[in-house]
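Hi everyone, thanks for coming. Have a look at the model on the screen, and I'll walk you through a few spots in it.

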Amino acid sequence: MPPDLDEEGEGGDELYEHHRIRADKGQELLRLDKFLLNRLANTSRNRIQNAIRAEAVQVNDRVVKSNYRVKPLDVITITLPEPPREFKVVPEPMELDIRYEDSELLIVNKPAGLVVHPAFGNWQGTLVNGLAYHLQNLPTGRNGEIRPGLVHRIDKDTSGLLVIGKTEWAMTHLSQQFFHHTIERTYLALVWGVPKEPAGTIRGHIGRSLKDRKVQAVYPEGDQGKHAVTHYKVLRSFGKVALLQCNLETGRTHQIRAHMKHIGHPLFGDATYGGDKVVYGQRTGAYKAFAEKALELMPRQALHAKSLGFVHPTTHQQLHFEAELPADFKALLAAWEQYAEE
């Protein structure tokens, strides 16, 4: 199930499982796939064998084959795609902006305002419901279950690209790429203020805030949360705001939003992280009136998942996809550009 937050995270780590198992001292020699089938609940042999083929299983930090025989005190790690659901997805007809599709995967450009994954309070009308309808005539279900293979998410009010696995193999292969941070992900973000450095890297563990469970906090000392790294570059300065390119090295819930807030540059329009009011510049006069009008142009966080790059699970070709900015983001940039020129 997704993390218990109001919105999904712009990452991949929440949508795969990572297990670490130590064999007992008295462990008898046993094939690796059989050992894992015995140890992992609700996991099929096919799912385990796909993980081994994708080199998502290691024994004592080494990649092995399925016929490896587990020995006493061996340490086995395994990464698996999205765990089985505890609910049935209802397919719903939905207009989807599909940018690419083949037998293994598809790329969809998600509009802002669309929840990605069913969860408490959003069981219907999500992207997954629409994907289930799109895929229902394809051989992607098991025992009547339609299972679009999410391996990452973006927030409800963030627009942009998502890759969807259509087979167990594709899901496993893509999950492994997310786990090893080899997926290329570029976002465009409009932030309040202009960072002092034209380019930089933000490092700081991210985890649920102790004060507000709906917000992710940054823990620079690494005492809580998970390791998170965001690289940014200033593409354009408009004086009081700046357009940034952000590249994710990791994929934590609300990572860009939390990291930018942490360095004093919350995303424009981001109500959760304090960007839905005038943060930089005078709070009076003509500027205040303009800034408030700009906030009305785009009453959501100014964040767009612009591009995705990854290795295709079967052809092993390096693929790259881009999605143009949506209309509201374009209008917002045009307004700031005109203001900066006056």
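Let's start with a word we need: a residue is buried when its relative accessible area is under 20%, exposed when over 50%, and partly exposed in between, using a 1.4 Å probe and protein chains only. Val215 comes out at 16% relative accessibility, so Val215 counts as buried.

Quick housekeeping: this is a predicted model, where local features need pLDDT of at least 70 and side-chain atom pairs count only at pLDDT 80 or more, while totals for chains, interfaces and linings use all residues. Residues are numbered from 1 along each chain as its sequence is written, and side-chain values use heavy atoms, with hydrogens and water left out.

Back to Val215. Where does Val215 lie? Find the loop between strand S13 (205-208) and strand S14 (216-219). Helices (H or I, at least four residues) and strands (E, at least two) are DSSP runs, by the way, numbered from the N terminus. Leaving out residues up to four places away in sequence, Val215 touches Gly207, Arg208, Ser209, Thr272 and Tyr273, where contact means heavy atoms within 4.5 Å. Now take Thr272: 57 residues separate Val215 from Thr272 along the chain, yet their C-alpha atoms are 7.0 Å apart.

Next, His259, over in helix H5. Is His259 buried or exposed? Buried, with a relative accessible area of 0%. Among the residues His259 touches, again skipping those up to four places away in sequence, are Ile202, Arg203, Val218 and Thr230.

Okay, on to the nonpolar cores. A nonpolar core is a set of buried Ala, Val, Leu, Ile, Met, Phe, Trp, Tyr and Cys residues joined through side-chain atoms within 4.5 Å. The largest one has 30 residues, and Leu127, Tyr187 and Ile256 touch the most other members. Several elements supply at least two residues each, including helix H3 (127-135), strand S11 (184-192) and helix H5 (255-262). Which element gives the largest share of this core? That's H3, with 5 residues. As for Leu127, its contacts beyond four places in sequence include Met94, Val108 and Leu162. Apart from this core lies another, of 21 residues, with Leu190, Trp192, Phe268 and Phe329 among them.

Last stop, a pair of helices. In H1, Leu32, Asp33, Lys34, Leu36 and Leu37 meet Arg45, Ile48, Gln49 and Ile52 in H2.
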